[in-house]
Amino acid sequence: MASNVMIRLASDRANLSLLSGDSNPRLFTPGEVITSQQGFMRGHGTYMEDEDIKSSVAGVMVQVNKLITVKPLKGRYVGEIGDVIVARVTDVQQKRWKVDTNSRLDSILLLSSVNLPGGELRRRGVEDEQQMRKYLQEGDLISAEVQNVHSDGVLSLHTRSLKYGKLGQGILVKVFPSLIKRRKTHFHNLPCGASIILGNNGFIWISPIVNTEGEEGGGFTQNLEESISKQDREVISRLRNCVLALANCKMLLYDTSILYAYEESLKYEVHELLHQEAMFDIAFLTQHKLRLQE
């Protein structure tokens, strides 16, 4: 069976780092002195030694007034209240679900923190606890919001809004959480005909646009029988490859950058977007478009 195989020498590979010029952020390594001046407060990712504030992780310094923190470029997700996340259910326990949110510890989704089917407002009883697997079971993907962060770092989630709940047919893309740009909304229906959820935890969900008006499933409805057209599947696959191209070039991911990347990718076939040269070309043109808007 004949197949096309691309072989490139290491010297011919494209440089996927788009950071150039004076816009480079200052990168601190563990143990490096950030400042020796007095009057600054140390935050996450820093420690004090000999009256110097030093970095404890490899990352970029973020200063808010007198507070200095270092945000790691790579690492597990550190949740904040109000974050939108995409997660996978890993276990069903008593009155709660354990959820993988790409953080250090498994997160918790309480039975009392979800909408009941039909939108009923009442106390959860024994019958609801017995039917937990009908709502969510192991392996299900959900969208949720961080409700609370416990002292040990465990995240408590909720899905009380109808925009949250179980996810149906689509593609899950995993990137570093630091690449997700914080915005007012992380749910987007793109003009190209697909819906995207940019989870602050680095999980991105791409799916066809679904009309949920009139549904009363409480966020637990999941139609896996519906056939997705070939055109929609190609759009979803193209968006997925565009997200990977931007992520490989360390560009921030948000609705505008992804839409620009999609527009620039139309000159390529979907499978060609996996080549490094195509990734670099799309990311470079996307960055150029974004700079023209500034």
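In the predicted model, Met41 is part of strand β3, which spans residues 41-42. Strand β3 belongs to an open sheet of four strands, arranged in the order β1-β6-β7-β3 with mixed pairing. At the edges of this sheet stand β1 (27-28) and β3, each of which pairs on one side only. Within the sheet, strand β6 (residues 59-64) and β7 run antiparallel and are joined by six bridges. Val64 has Leu67 in β7 as its bridge partner.

The UniProt record, an unreviewed entry, places the feature "domain: Exosome complex component N-terminal" at residues 27-62. In the model, this span is 53% strand and 0% helix, and its end C-alpha atoms lie 11 Å apart.

A further open sheet is formed by four strands in the order β14-β17-β16-β15, with antiparallel pairing. Strands β14 (171-174) and β15 (187-190) are at the edges and have a single partner strand each, so one side of each is left without a neighbour in the sheet. On average, and with direction ignored, neighbouring strands of this sheet are turned by 20 degrees against each other. Five bridges connect strand β16 (residues 194-198) with strand β17 (residues 203-208) in the antiparallel sense. Here Leu198 is found opposite Ile204 in β17. Helix α3, made of residues 230-248, lies across β14, β15, β16 and β17 and runs at about 160 degrees to β17.

For residues 170-208, the annotation "domain: K Homology" is given by UniProt, again in an unreviewed entry. The span contains 49% strand and 0% helix, with a distance of 7 Å between its end C-alpha atoms.

Salt bridges number 10 in the structure. One of them is between Glu80 and Arg182, whose closest N and O atoms are 3.7 Å apart. Glu80 is located in the loop between β7 (67-72) and β8 (84-93), and Arg182 in the loop between β14 and β15, so the pair ties together parts that are 102 residues apart in sequence.

Note on methods
Residues numbered from 1 in each chain as written. Predicted model: local features only at pLDDT ≥ 70, side-chain atom pairs only at ≥ 80, totals over all residues. Heavy atoms only, no water. Helix = DSSP H or I, 4+ residues; strand = E, 2+ residues; numbered from the N terminus. UniProt positions renumbered as here; feature names shortened; annotations may be inferred. Pairing = 2+ DSSP bridges. Axes fitted to C-alpha atoms, helices over the stretch in contact; angles between N-to-C directions. Contact = heavy atoms within 4.5 Å. Salt bridge = Lys/Arg side-chain N within 4 Å of Asp/Glu carboxyl O.
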